[in-house]
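Visitor: I would like to learn how to read a few features of a model. Please give the general idea and then the case.

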Amino acid sequence: MATAAAHKAYGTEEEHAGTAAYERAFDAAVAADGRIEPRDWMPDAYRATLVRQMAQHAHSEIIGMQPEANWITRAPSLRRKAILMAKVQDEAGHGLYLYSAAETLGTSREELLDKLHSGRQKYSSIFNYPTLTWADVGAIGWLVDGAAITNQVPLCRCSYGPYARAMVRICKEESFHQRQGYELLLALSRGTPEQHAMAQDAVDRWWWPSLMMFGPPDDESAHSAQSMTWKIKRHSNDDLRQRFVDICVPQAESLGLTLPDPDLKWNEERGHYDFGPIDWTEFKEVLKGNGPCNEQRLTQRRKAHEEGAWVREAAAAYAAKHSDDTKAEQA
Amino acid sequence: MTNTDWPLWEVFVRSRRGLSHTHAGSLHAPDAEFALRNARDLYTRRGEGVSIWVVPSAAITASSPDEKDPFFEPAADKPYRHPTFYEIPEGVKHL
Amino acid sequence: MTTTVPTAAALALGDDALVLSHRLGEWAGHAPVLEEEVALANIALDLLGQARVLLSTVGDEDELAYLREERAFRNLQLVEQPNGDFAHTIVRQLYFSAYQHLLYSQLAAGDGPFAGLAAKAVKEVAYHRDHAGQWTLRLGDGTDASHERMVRACTALWRFTGEMFQPVDGLDVDWAGMDTAWLESVEAVLRRATLPLPEGPRSGAWSAGAGRQGVHTEPFGRMLAEMQHLHRSHPGASW
């Protein structure tokens with residue numbers, strides 16, 4: 001989200017005899033909670049980590065449109081339909097902000113989309129679960145967006161300026177996403193017995209996958225330690241997961257719904273809720289591509305991109321033909 | 001750039017009259033007209049603006065971090081450019 | 001001012017907006033480029049907003065949207081046409097927004113029951129018309145392939161354009177004048193886009209009528225089935 005002239009990578013390490021000095025300046029800036037901006041010197045690994053993370057985040061936003069868009073045409077009231085359309089639209093917007101942030105490091109959106117479409121870059125596994133009923137829209141808003149927000153709020157202070165700025169905008173816009181989900185579930189929970197059952201079923205299916213959104217336990221997380229030092233990440237996976245559980249338990253009570261975990265109970269000593277073991281086998285399987293919707297999500301994404309190619313080509317061709325007219329008009 | 005890859009534009013939004021345009025972010029568009037429209041749809045959909053500028057990102061010339069010191073440091077030691085540098089006796093008004 | 005809202009007119013305008021909004025909503029996650037996801041959703045949301053205001057003037061918006069049978073809908077057949085490729089969607093937008101802009105401009109200038117709504121909506125619609133016009137230029141005068149697709153779309157939807165100028169009870173506007181103005185404005189955009197004005201009739205050869213009489217095309221029944229299914233499965237529930 002910075003200027004493109006400023007997007008070009010700032011030289012390579014070989015070009016600079018004084019790499020060590022740059023590195024010291026970089027480390028000091030990060031340690032002092034300063035911000036790194038696009039053309040600043042940065043270690044190659046920092047750059048690579050950021051591009052990977054921002055791209056994955058952007059991909060998650062646009063793939064994440066699908067499970068919810070699945071219900072736009074069936075939304076049961078016009079008010080809900082408007083809310084859902086606005087929300088799915090926001091996700092496209094957030095994808096745009098994040099791709100722009102990634103582009104500040106010199107990787108084009110086209111390149112990133114290509115990596116998504118060919119499976120070389122990932123998106124959040126949560127979107128490989130299906131939305132089977134209308135209540136799933138509520139469960140996604142409350143739990144999935146809730147988990148995302150827990151993850152994202154600390155990213156507003158991420159050491160990389162463009163990422164942090166994108167996240168500020170996203171968090172601001174996303175505050176309505178979680179609330180609409182909660183409100184939707186509340187209406188169902190307090191509605192007819194069938195609606196209540198629909199809400200409970202959705203929460204039963206989304207609870208565990210939401211907990212997995214925080215990533216593997218700290219002792220197994222491949223990238224965590226380095227990302228924490230670089231202040232790309234501010235809290236550990238397990239800390240954030242615990243925070244999320246603590247927030248959700250009382251919210252579920254107010255909803256009149258139960259969370260599907262018999263081990264869930266307040267631990268006076270820790271000052272936190274204890275919760276049961278997470279089934280990481282499922283997490284790994286979904287990550288590997290064996291989730292219920294992996295194939296479907298990617299296929300739809302590729303299809304939209306391929307079917308849109310003629311449109312993008314046409315607009316580019318028109319711009320090339322008419323770039324002189326525009327200048328003449330402006331003169 | 002492939003033939004389907006649209007160039008990048010920087011978007012500046014005036015949030016209300018009386019304020020200057022501020023950098024809001026960037027986007028892709030095939031040409032200036034669409035850049036403006038895409039900017040309107042993306043960056044002002046919650047009523048964030050009353051005016052928009054779009055600039056091709058490639059048209060921006062940026063100062064380099066390498067020149068940071070010669071560019072910006074010399075300004076740091078000239079406190080006499082700031083009003084707080086001067087001592088004025090108490091009670092003197094309208095200064 | 002809004003003492004009596006003519007029901008037929010509120011339903012005609014409201015259903016147009018509702019149905020087209022629904023069709024545009026189907027694009028979510030399928031648009032040719034991310035920026036266009038945002039643009040199409042903005043238009044869909046404007047239209048849904050208009051529909052809700054219009055339907056609420058004559059009843060409960062959800063009862064009207066979800067519990068009427070196909071024959072009770074008064075929208076134009078044009079707006080219920082499936083999205084097709086992006087060219088079809090853009091041409092549908094071009095034809096409809098040119099019409100809606102003329103109609104709302106007249107309503108906004110008058111002092112009838114829709115003047116207030118039309119005054120707000122006409123600004124939204126002006127943007128929709130501009131969006132469709134910009135795309136028509138780029139697709140018509142873009143590549144050979146895009147030109148070809150636009151010709152096909154313009155022709156395919158042409159026979160739904162005559163219906164727009166059938167007078168609607170309760171709307172005091174100059175229908176014939178609007179028809180002429182519509183043709184001029186659409187022709188001007190198509191010409192700039194190097195597209196021929198379609199030949200052929202502007203209405204179907206069927207005496208049963210068209211959308212304004214509650215007679216719709218086959219895809220509309222399926223659209224409604226999808227739209228209404230959940231709401232109807234839970235009679236009396238609130239959401």
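Visitor: Where is the place of A:Met213 in chain A?

Guide: A:Met213 lies in the loop between α8 (193-212) and α9 of chain A. Helices here are DSSP runs of H or I with at least four residues, strands are runs of E with at least two, and both are numbered from the N terminus. This is a predicted model, in which local features need pLDDT of at least 70 and side-chain atom pairs count only at pLDDT 80 or more, while totals for chains, interfaces and linings use all residues. Residues are numbered from 1 along each chain as its sequence is written, chains are lettered from A and ligands numbered from 1 in the order in which they are written, and side-chain values use heavy atoms, with hydrogens and water left out.

Visitor: Which residues does A:Met213 touch, not counting residues up to four places away in sequence?

Guide: Contact means heavy atoms within 4.5 Å. By that rule A:Met213 touches A:Ile126, A:Val144, A:Ala147, A:Ala148 and A:Asn151. For A:Met213 and A:Ala92, 121 residues apart along the chain, the C-alpha separation is 20 Å.

Visitor: How do I read the packing of two helices, and what is the angle between α2(A) and α4(A)?

Guide: Axes are lines fitted to C-alpha atoms, for helices over the stretch in contact, and the angle between N-to-C directions runs from 0 to 180 degrees. α2(A) packs on helix α4 (residues 78-103) of chain A at about 160 degrees, with the axes 8 Å apart. The two helices are therefore roughly antiparallel; the classes are roughly parallel under 35 degrees, roughly antiparallel over 145, roughly perpendicular from 65 to 115, and oblique for the rest. The crossing of α2(A) and α4(A) is left-handed, a term for a near helix turned anticlockwise from the far one by less than a right angle, with clockwise being right-handed. Among the residues in this contact are A:Met54 and A:His57 of α2(A), and A:Leu98 and A:Tyr99 of α4(A). By class, the contact of α2(A) with α4(A) has seven nonpolar, four polar and two charged residues. Nonpolar covers Ala, Val, Leu, Ile, Met, Phe, Trp, Tyr, Cys and Pro, charged covers Asp, Glu, Lys and Arg, and the others, Gly among them, are polar.

Visitor: At what angle do α5(C) and α8(C) cross?

Guide: Helix α5 (residues 86-109) and helix α8 (residues 175-192) of chain C cross at roughly 140 degrees, and their axes come within 10 Å. That makes α5(C) and α8(C) oblique to each other, and their crossing is right-handed. Residues of α5(C) including C:Leu94 and C:Tyr95 meet residues of α8(C) including C:Trp175 and C:Met178. The class count for α5(C) with α8(C) is 13 nonpolar, two polar and no charged residues.

Visitor: How is an interface sized, and how much area is buried between chain C and chain A?

Guide: The size of an interface is often given as the accessible area lost when the parts come together. Buried area here uses a 1.4 Å probe and is summed over both parts. Chain C and chain A bury about 3,900 Å², with carbon and sulfur atoms giving 67%. In chain C, C:Leu34, C:Leu230 and C:Trp239 lose the most area to chain A, together 19% of what that side buries. The contact takes 46 residues from chain C and 45 residues from chain A. Between chain A and chain B the buried area is about 2,500 Å², 53% of it on carbon and sulfur atoms.

Visitor: How many salt bridges are found over all chains?

Guide: Side chains of opposite charge can pair when their charged atoms come close. A salt bridge is a side-chain nitrogen of Lys or Arg within 4 Å of a carboxyl oxygen of Asp or Glu. The whole structure has 34 salt bridges over all chains. One of them joins A:Asp33 and A:Arg234, at 3.0 Å from N to O. That pair links distant parts of the chain, 201 residues apart: A:Asp33 is in the loop between α1 (19-31) and α2 (44-63), and A:Arg234 in the loop between α9 (224-229) and α10 (237-255).

Visitor: Which residue forms a salt bridge with C:Glu35?

Guide: The partner of C:Glu35 is A:Arg109, with the closest N and O atoms 2.6 Å apart. The interface of chain C and chain A has two salt bridges. Chain A and chain B have four between them, including A:Glu173 with B:Arg46 at 3.5 Å between the closest N and O atoms.

Note on methods
Buried area = accessible area lost by both parts, 1.4 Å probe.
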